[in-house]
There are 2 protein chains.
Amino acid sequence: MPSGRRGRVPVGSSLLEAARQLGVEIESICGGRLTCGKCRIQVENGQFPKHGILSADAHLSSAAADEQTLLLKIGSPECRLACTAQVQDDLLIFVPEESRAHKQIIRKSATERVIEIDPAVRQVYVVVDEAELGEHRGDWGRLQAALTDQWQLTNLTIDLPVLRRLQSALRQGNWQITVTLWQEQEVIDVQPGYAEGAYGVAVDIGSTTVAGHLCDLRTGAILATESAMNPQVRYGEDLMSRVSYAIQHTDGTEKMHQAILETLNRLIAKIAKEAGVRPQTIYEAVFVGNTTMTHLLLNINPVELGGAPFALANREAMDLKARDLGLRISPSANIHILPAEAGHVGADNVGVLIAEAPYQQDEIILLVDVGTNAEIVLGNREWLYSASSPTGPAFEGAQISYGMRAAPGAIERVRIDPATQIARFRVIGEGRWSDEWLADGAEQPAYRAAGICGSGIIEAVAEMFLAGILLPDGRFNPENQGDRLLWRGRTGAYILAAGDQTGSGDPILVTQEDVRNIQLAKAALYAGAKLLLNRAGISAVDRITLAGAFGSYIDPKYAMILGLIPDCDLAKVVAVGNAAGDGARIALLNRQKRIEAQEVARWIRYIETAVDPEFQNEFVGAIHLPHATDAFPHLTGLLPEKGEKSGGRGRERRRPRLG
Amino acid sequence: MPSGRRGRVPVGSSLLEAARQLGVEIESICGGRLTCGKCRIQVENGQFPKHGILSADAHLSSAAADEQTLLLKIGSPECRLACTAQVQDDLLIFVPEESRAHKQIIRKSATERVIEIDPAVRQVYVVVDEAELGEHRGDWGRLQAALTDQWQLTNLTIDLPVLRRLQSALRQGNWQITVTLWQEQEVIDVQPGYAEGAYGVAVDIGSTTVAGHLCDLRTGAILATESAMNPQVRYGEDLMSRVSYAIQHTDGTEKMHQAILETLNRLIAKIAKEAGVRPQTIYEAVFVGNTTMTHLLLNINPVELGGAPFALANREAMDLKARDLGLRISPSANIHILPAEAGHVGADNVGVLIAEAPYQQDEIILLVDVGTNAEIVLGNREWLYSASSPTGPAFEGAQISYGMRAAPGAIERVRIDPATQIARFRVIGEGRWSDEWLADGAEQPAYRAAGICGSGIIEAVAEMFLAGILLPDGRFNPENQGDRLLWRGRTGAYILAAGDQTGSGDPILVTQEDVRNIQLAKAALYAGAKLLLNRAGISAVDRITLAGAFGSYIDPKYAMILGLIPDCDLAKVVAVGNAAGDGARIALLNRQKRIEAQEVARWIRYIETAVDPEFQNEFVGAIHLPHATDAFPHLTGLLPEKGEKSGGRGRERRRPRLG
């Protein structure tokens, strides 16, 4: 139990052997030496056709003193160890979750994910023949023999820094050592005696934010999570300015490479310290990022990504030694970088793909990951398209007059009363809406408004449109002369937060230029999705998945009102958080997923938007609010009805042009 | 011609294809693109059964302008290029030596060696598909495809530093590049356009001397040779004192590692400069050395080699990246270290083995390589034993009162007139014997005597014995009161060079202690050889091969008079120079030999001398001059006859105890 496997095994078989024979994998590090205690199982009372009801332990060899001692020590006196308990007669065995090899764990991120634990790094405990006179295999030769005898591992190599420590480890451990292996082909650590603890990091290198998880490679548990700013921001806000920096400065690539490396080293040191893990026991790191990020991580000049035909140095997944990059984890650790799809769709999108696995679904899914570029994936198990859209950083709060990153004080939610045209809002770090903490006698807010973040500007623009402040073409309605509007000639601005609601005392405005930037960004995003829909010959999707921080913060309703995404049942629009980072973690914990990543990266059909006239056409058509080229049946009820009186001051509002 | 292969090929085949079909490998780097000019061949006039006499070129497609241009450029207007010339009818083709792939070259070292050139490093010229929009393989993917199409190379990897240069190389070379491959599995360099030049170094790291060759990996030519002192000497003259230094000082291993690394880097920079070769085009380095040297080279603490059971960290051959060791050649270059046999017989002896290949001989060979330790190999194609003997550094001129290294001024040859007991000698750097330049009116010598080197002390002691100055037990003959002898109590010393013959003006002596040290050294050497003879159950060998600098300088006759080596026909005693270094060069130029090295290192039976009572017994028995335990029939005529009047001054000389 719980696999339900049953079969006959020879009397005297250990439960571990019996389980293997029946195809049930039970975890074991020490290989039956009563050291690790990982293979504990429980004997169940159960009914068998031949014997009727069995009492627990009735048909199992009894536990010797050393087994009992270990079980007490690990706090499981009710269990037995599968490596020593022997089958005497029919038995019903329960293998607890934690004793299962290749266990599946469900990790909660923004969404729940099931990850089968099958890491590339594995630790085994071996007893090695002592060196003796007249026997000349050398310590490495003897260790290889022991690994073959005790773990059926052959054709191994040993990394030089490990070979340097081998002789002292063997003698210190009295010829018993714990060996850390990568891909069952290379010895990447040796420790004297029985040792436990193999860790890995999964890092998503975003253009602006770097986020890393420290995981226990045996259990899959996330031990610590941290994020940091990408220091390359100082060389350019967006990708293209960084590429330009690399082109214009001889040492530009090197500088940006060193900057990200330093940040990664600091980030990893921090999460290791937080989790109480020695960096030397971090044996693998998986990185995802867009193609410019991975080029810079590898110290490869991204110049070719700056112009057509956008040639990658390498599209394939890479494995390299941590020391070759200067990453301060175990020097023998492997760095795995997920493959890319094309010049503008990188390992981060492949991370999203293996996290969401649209290639295993029947439903047609539109996957949208919005960063400075938006990566868009459309399809299901039968076909899969991807594209990249140059949305620019407006959705991240950049290029917005009062824009800021999603930090305390950032306006993230906006509601505008169509009658008064006054906005109420919520800032990050303060649970209450502004009208609540502005009310008489209310407690002061933790933070007053400091600026507008990505989700805030989207809600603000959408609400301004719904409130009749903006016309469908994005202009401020010149007929609207309410006191929340400021006019300079024919150019308007909207007072989102008055001076008494902000930290600085100055009002926070949404300007015409801000609206234009949001229009350009949303048109790019929509045009990309539309291009893929056209290519697939379909007009609607079954489900929309929003990945990335942006997707988590944004209200899908507003995304649809603005026309960021195609029409879809709102209940079928879900945000899954940092799916790229989750993909990195999945690849860290399951090596089969790396193969899957490589396969899907080659299989997916990438559509180049940059020079596609159809994209330009869709882009122009999507500038309007929500946009002018398509029907949005699911918006019914969300948009003002034709002729409806709204937008305050009794003015007639124009209905957006649909169809 | 000259292979004699013949066969039928389709009309229109290129000669290159035809040759391949007939199993004749012709060199080609550019793969038929009229760039490299390596595949030039000559059309012969010859007789065929069907056509009678053929005139040259009669049945070959005529040369186009571009072929003619290239042939003129490379100075071979009489040749054709096999890649473009097409077979029209029966033909007789001569493939010159330099156009043959896997050519055999004969290199003169101390002995002539035939080396088949089949290096691990290979360069190929490829034309790569240009990057274009809508094609997403990436530059590395496109290069892989080109290597598969044009050179049938698959499953390749690319080293990160090379990937960093790939994109600019492709564009600079207009999508034509020269790729350097290691073992046909890894790309270790890319250069724009057609480029030629792959070099390698073979280095023998001796305890006192480091000697390196720079070779052209394509032709096998030695381009430069240099040697340097091993700087580890400052941490200990002999191996055991270096091991002690590593044990007694925490940073001892690191210090000695850095010292040798620095010397290697300087040595390689020097030979590269000498040969006009860029260090970045040195793509492989092969090292040999004794086990302590290879451990220190790899920065592995040699502590275990300091005592029984003398456990090696690793007995097997190793391949590692030059950058992992800090060797300043191409960072992607491979470092190959030959395998060891046992704790005291290292890669240097394996170098000797593949250079001399006793495992391919019918004759039973005794191979002696004398350094601070002597490694002894005995056997033939059927069986092979090896042993190590602790001779100490006496044979290298150390532990000798007036000892010095083999440098200008060192006495290397000695003849003592039995009548006068006066020695004449020859010093390194001066061609004439001392009596010639001491004669009236003779020209001054280039160097006067400064000390005694290894071969000099052996000849001195042997001649002293033959002249009756020494008794067979090694004592100075107390009855000899000649004026060339100095006595302090009962301890004598011999004036080898008087003050007027030396640079300093002080005489050069051979003391009783010097004689004792030579006795101990020669007894160790002989006992080691005797142990192997006993183990093999034989009493004589067919051939004795002396390897190492020592073997080259020593006169085999004196080696046998002193009893360094077992009895053997003097004509069958040959010196082969630095066979260990030759082995390194052979492994550098031929990768099959690396496999052979690994096989023989495992196959040879190593006999541990250190704790063998039989060795101690043979050692004690071999202290005498020449020694007391065996007959030396080949010495007949060399030793003074019983009762012969000699040794001057009319004193009766005792015959050495033989048998």
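How many residues does the contact take from chain B and from chain A? It takes 35 from chain B and 35 from chain A. Keep in mind as you read on that this is a predicted model.

## Where the two chains touch

Let's look at chain B's side of that contact. Two elements of chain B give two or more residues to the side that touches chain A: helix H3 (138–151) and helix H4 (160–172). H4(B) provides the largest share of that side, with five residues.

What classes of residue turn up on the side of chain B that touches chain A? There are 17 nonpolar residues, eight polar ones and 10 charged ones.

## How chain A is divided

Now for chain A by itself. Its domains are domain 1 (15–99), domain 2 (121–192), domain 3 (199–337), domain 4 (349–393 + 518–635) and domain 5 (396–512). Notice that domain 4 is written as two stretches, 349–393 and 518–635.

## Two helix pairs in chain A

Start with helix H3 (residues 138–151) and helix H4 (residues 160–172) of chain A. They pack at an angle of about 75 degrees, and their axes are 9 Å apart. That angle makes H3(A) roughly perpendicular to H4(A). On the H3(A) side you'll find A:Asp139, A:Trp140 and A:Leu143, which meet A:Leu163, A:Leu166, A:Gln167 and A:Leu170 of H4(A). Sort the residues of this contact by class and you get five nonpolar, one polar and one charged.

The other pair is helix H11 (residues 454–466) and helix H12 (residues 512–536) of chain A, which pack at about 105 degrees with axes 11 Å apart. H11(A) and H12(A) are therefore roughly perpendicular to each other. H11(A) brings A:Ile457, A:Ile458 and A:Val461 to the contact, while H12(A) brings A:Asp514, A:Val515 and A:Ile518.

## A helix on the inside

Why is helix H15 (residues 579–589) of chain A described as largely enclosed by the rest of the structure? Because 11 of its 11 residues are buried. Among those buried residues of H15(A) are A:Asp582 and A:Arg585, along with A:Ile586, A:Leu588 and A:Leu589. A:Gly581 and A:Gly583 are buried in H15(A) too.

Definitions and conventions:
Residues numbered from 1 in each chain as written. Chains lettered and ligands numbered in written order. Predicted model: local features only at pLDDT ≥ 70, side-chain atom pairs only at ≥ 80, totals over all residues. Domains from an automatic or database assignment. Buried ≥ 20, exposed ≤ 12 C-beta atoms within 10 Å, placed from the backbone. Helix = DSSP H or I, 4+ residues; strand = E, 2+ residues; numbered from the N terminus. Axes fitted to C-alpha atoms, helices over the stretch in contact; angles between N-to-C directions. Parallel < 35°, antiparallel > 145°, perpendicular 65-115°, else oblique. Contact = placed C-beta atoms within 7 Å. Nonpolar A, V, L, I, M, F, W, Y, C, P; charged D, E, K, R; others polar.
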